[in-house]
Amino acid sequence: MGFKTDAIHAGQEPDPTTGAVTIPIYQTSTYVQEGLGKHKGFEYARTQNPTRMALEKNMAVLERGVAGYAFASGMAATTALTHLLLKQGDHAICSENVYGGTFRLFDKIVRHYGVEFTYVNSSNLSDVEKAMRRNTRMVFIETPTNPLMAITDVRAVCDIAHKQNCRVVVDNTFMSPYFQRPIELGADIVVHSTTKYLNGHSDSVGGVAVLKREEDAERLQFIQNAAGAILSPFDSWLVLRGIKTLPIRMQAHNANGMAIAKYLAARKDIEKIYYPGLPNHPGHELAKKQMTGFGGMIAFDLGSLDRARTFLERVKLCSLGESLGGVETLISHPATMTHASVPAEDRARMGITDGLVRISVGIEDVEDLIADLEAAFAA
Ligand SMILES: Cc1ncc(COP(=O)(O)O)c(C=O)c1O
C-alpha cells in the first residue's frame, strides 16, 4: 500500500468486539485466563498490550522493518538498543552532534559498563572508517543531526560497518519515515522519539525502535519485557492517532520550513543558517538523494548569547521551549537547553555556539510566523 494508506491502516484492524474503527485504549494491567496455560495470547500488560502492539505493527510497516517496539520515551528506546547491541569490552561509534541526551546516556551511563565510545563527524566517511575497531558493535548516527542539520550518507556508513559484525542504528526523529527510511538505505535499526513528529501534537512522550533482522527483533522484544520501559496504552493510542496525519503534517512542516529558511537566508544580519533544503548547505545534494523532503528544523547563528537571548525573549507566536516536531512552532537555544549536557569546548568545536538558535517550524500560516520573526529582529 502507499505510505498514506499504511499510516492510517497498517496494524489497525477494526476492534473485533464492537467494530470500533479506532483501536481502543486497552487500559488494563492483566487478562483473565481460561485455565492454566490457556489464554488468548495476552497474559500481562507489560508483555502484551493490544494498543501498543497496533502502534508497533504500524511503525514496522512504515519504517520497512520486521518488527517495532514502543518505549516510554525516545531515550528509553535508545537505552534498550544499548542492551541489545553492547556488552562489556565492546566499542561503539556515534555521530558527534547527536541529541544531547543521547550523548549523556552513552557518556554518563553506558560507558561505565565498560563500553568505549568514539564520537566522529559522521558526515565525513573517512572519520567513520578510521574509528572502526575489531570490537565495534554499533554505529549510531543521527541524520540530519540535532541541531546543526548535518547529513550523513546512511548507505555509505552501512557499507563500512557491515564489513564486520556491527549494526547501524539511525535516529530518524527529525525526518520521520515519511521523508527518510533508513532501513531501505541499509540500516539495521531505526529509532525515534515519538514525542516529536510521529505524535506531532506535543502531548505525549514516547519512543520506538524498528528492526530489520528477525534475531534482533526477538531479542529486543525480550529486553522490552525484561527491562520494562514500555509505552503506556494511552500514549500508544495518541501516537497512532498522530501518525494518521503524519504525511500531510510533514508536507506542511516542509513547506513552512523552506519558506522560513529562505526568509532567514535573505537577511544580512544572520551569520549562518543550517537547513538542508538550501542549495549552499554542505549536505544538500546528499539530502536530495536519501530524503524526500527537508523537514521543518532550522538552526541559525545570531553571533552572540546577548543577541540570541534578546531575540528569543521577543518572539511571541514562536514559543520558547525544548522539544520539536509539534504542530506549533517552538524555538530554542541549544547551548543552554537541549545541548547543555555537552561540554562547552565540544559544543564550540562542533558549532553549537552561544548565538545558535533552533526553530522547529510548525504548521501555522507561514506569513504569521515570518511576521513574528520580523518583529523580533526589528524590536
Ligand atoms: C533527535 C532526538 N532523538 C532522541 C530524543 C530523545 O527523545 P525523548 O525526549 O522522547 O526521550 C530527542 C529529544 O529531544 C531528539 O531530539
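A nonpolar core is a set of buried Ala, Val, Leu, Ile, Met, Phe, Trp, Tyr and Cys residues joined through side-chain atoms within 4.5 Å. With that in hand, here are some close-ups of this predicted model.

**View 1. The largest nonpolar core.** This core takes in 92 residues. Look for Leu220, Phe300, Phe311 and Leu373, which have the most contacts inside the core.

**View 2. Phe311 and its partners.** Now pick out one of those residues, Phe311. Leaving aside residues up to four places away in sequence, Phe311 touches Phe300, Leu302, Ile331, Leu373, Ala376 and Phe377.

View 3. The ligand sits in the largest pocket. There are 14 residues around the ligand, and Gly74, Asp171, Ser193, Thr195 and Lys196 come nearest.

View 4. Ser193 uses an N or O atom in its side chain, 2.8 Å from an oxygen atom of the ligand. Lys196 also has a side-chain N or O atom 2.8 Å from a ligand oxygen. With Met75, a polar backbone atom is involved instead, 2.9 Å from an oxygen atom of the ligand. On its own the ligand has 390 Å² of accessible area, and the protein covers 91% of that.

Key:
Residues numbered from 1 in each chain as written. Predicted model: local features only at pLDDT ≥ 70, side-chain atom pairs only at ≥ 80, totals over all residues. Heavy atoms only, no water. Buried < 20%, exposed > 50% of the residue type's maximum accessible area, 1.4 Å probe, protein only. Contact = heavy atoms within 4.5 Å. Near = heavy atom within 4 Å. Polar contact = N/O pair within 3.5 Å; in protein donor to acceptor, adjacent residues only side chain to side chain. Areas by Shrake-Rupley, 256 points an atom, 1.4 Å probe, with all protein chains shown as cover. 1 Å grid on protein atoms, 1.4 Å probe; cavity = no way out; pocket = protein on both sides within 12 Å on 5 of 7 lines; lining within 4 Å. Sits in = over half its atoms within 2 Å of the grid points.
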